[in-house]
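Visitor: I would like to go through this model term by term. Please set each value against its definition.

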Amino acid sequence: MRGSLEAIGFDASVDRLFSVGDLVDRGPESHQVLAWLGKPWFHAILGNHDFMAFSSALGLPSALEYQQVWGDWLARLSNARQHLIGEALAALPLAMEIETASGIVGLVHADCPFDDWSDMQAVQWDEIDPTGPVADCCVWSSERHARSYAGVIKNVRAVVHGHMVVSSPEILGNVYFIDTGGWKPGGHFTFLELESLQPVSGPVLAGAAVPPATSNRRNR
C-alpha cells in the first residue's frame, strides 16, 4: 500500500486518505492495523472483516468462529495486543461523510441502507444496534451491487463503497464501488480523488496492508 501511495503522488503533509473498510484479512500485514490507524492523515470506516476481527478479539458472541476461517494472524498475537486491536476496530464508524467543494461524499463499506443521505444523517449512530438492520446493511449487504440498482441516493454528491471486489471501478447512479482487489494477485488499488471523483489506479501489489481507499487532496 505504501508503494501505491508513492506512485500516485500522495503527500501526507497536505493529503488525507480515507479507507472504505476491511483493514484486516486483506494481505499478510493485518497485524499492522494499529500503525495505520495511528497515522493522523488516515481515516477509516468499519468493514465486515473489521467487525469479525473485533468481535473475536473482544470475545463477543458474533465472532462466528472468525479465527478458524480468517483470523490466524490475530490468534498469533498476545491477548493484550488482540484486545488493543479489537478496541480500535470496534471504535470505527459505520459511515463517514467528507465535505468537498461540490458537495458531501459519503463512505459506507457495503451498502447504504437509505435512498436519501438525510436519513443517514438522522441516525443516532452512538446508540445504534451493531447487529441491527441498519448496521447490517452498512457492513454486510451486497444487494445494491447484485441487483445493479442504479437509483440515485439523494442529498449527497456520491457514496463510495468497498466490499464487492470488481475488476475496475463501477458506478451505479451516484454510488461508486472501488475495491479492485489490490490486496490479491492480479488486482490493484483504486483511489478516488474526492474533489473530482476521478479514479486513480495504483500499481499491482501483492500482500498489501490496507484496503482500497479514497483520497482528499487539500491545498493542491
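Visitor: What percentage of contacts join residues at least 24 apart in sequence?
Guide: Contact means heavy atoms within 4.5 Å. Among contacts between residues at least 6 apart in sequence, 61% join residues at least 24 apart.

Visitor: What should I keep in mind about the source?
Guide: This is a predicted model, where local features need pLDDT of at least 70, side-chain atom pairs count only at pLDDT 80 or more, and totals for chains, interfaces and linings use all residues. Residues are numbered from 1 along each chain as its sequence is written, and side-chain values use heavy atoms, with hydrogens and water left out.

Visitor: How many helices and strands are in the chain?
Guide: The chain has nine helices and 10 strands. Both are DSSP runs, numbered from the N terminus: helices are H or I with at least four residues, strands are E with at least two.

Visitor: Why is Cys138 called buried?
Guide: Buried means under 20% relative accessible area, exposed means over 50%, and partly exposed lies in between (1.4 Å probe, protein chains only). Cys138 has 1% relative accessibility, so it counts as buried. Cys137 has a relative accessible area of 14%, so it is buried too. Of the 220 residues of the chain, 50% count as buried.

Visitor: What makes H3 mostly covered?
Guide: 10 of the 10 residues of H3 are buried. Among them are His49, Asp50, Phe51 and Ser55. Gly59 follows H3 and has a positive phi, near 70°.

Visitor: Why is Leu58 called partly exposed?
Guide: Leu58 has 27% relative accessibility, so it counts as partly exposed. Its place is in the loop between H3 and helix H4 (66–69). Leaving aside neighbours within four places in sequence, Leu58 is in contact with His83, Gly86, Glu87 and Ala90.

Visitor: Which residues touch the most other members of the largest nonpolar core?
Guide: A nonpolar core is a set of buried Ala, Val, Leu, Ile, Met, Phe, Trp, Tyr and Cys residues joined through side-chain atoms within 4.5 Å. The largest has 40 residues, and Leu89 and Trp117 touch the most other members. Elements that give two or more residues to this core include H3, helix H6 (79–90) and helix H7 (117–122). H3 gives the most, with five residues. In soluble globular proteins, nonpolar side chains tend to be buried together.

Visitor: What does Leu89 touch?
Guide: Not counting residues up to four places away in sequence, Leu89 touches Leu23, Val24, Val33, Leu37, Leu46, Asp50, Ala53 and Phe54. A second, separate core has 14 residues, including Phe18, Met96, Val160 and Tyr176.

Visitor: How do you know that E5 pairs with E4?
Guide: Two strands pair if DSSP finds at least two bridges between them. Three bridges join strand E4 (residues 103–108) to E5, so by that definition they pair, and they run parallel. Gly106 has Val159 in E5 as its bridge partner. E5 also pairs with strand E7 (residues 175–179), in the parallel sense, over four bridges. There, the bridge partner of Val159 is Val175.

Visitor: What makes E5 (residues 158–165) mostly covered?
Guide: Six of the eight residues of E5 are buried. His163 has its place in E5. At 15% relative accessibility, His163 counts as buried. Phi of His163 is positive, near 70°, although this residue is not glycine.

Visitor: Where is Asp22, and is it buried or exposed?
Guide: Asp22 is in the loop between strand E1 (15–19) and H2. Its relative accessible area is 3%, so Asp22 is buried. Its phi is positive, about 65°.

Visitor: What makes both faces of E8 (residues 190–193) covered?
Guide: Thr190 and Leu192 on one side are buried, as are Phe191 and Glu193 on the other. Four bridges join E8 to strand E9 (residues 198–201), and the two run antiparallel. Thr190 has Ser201 in E9 as its bridge partner.
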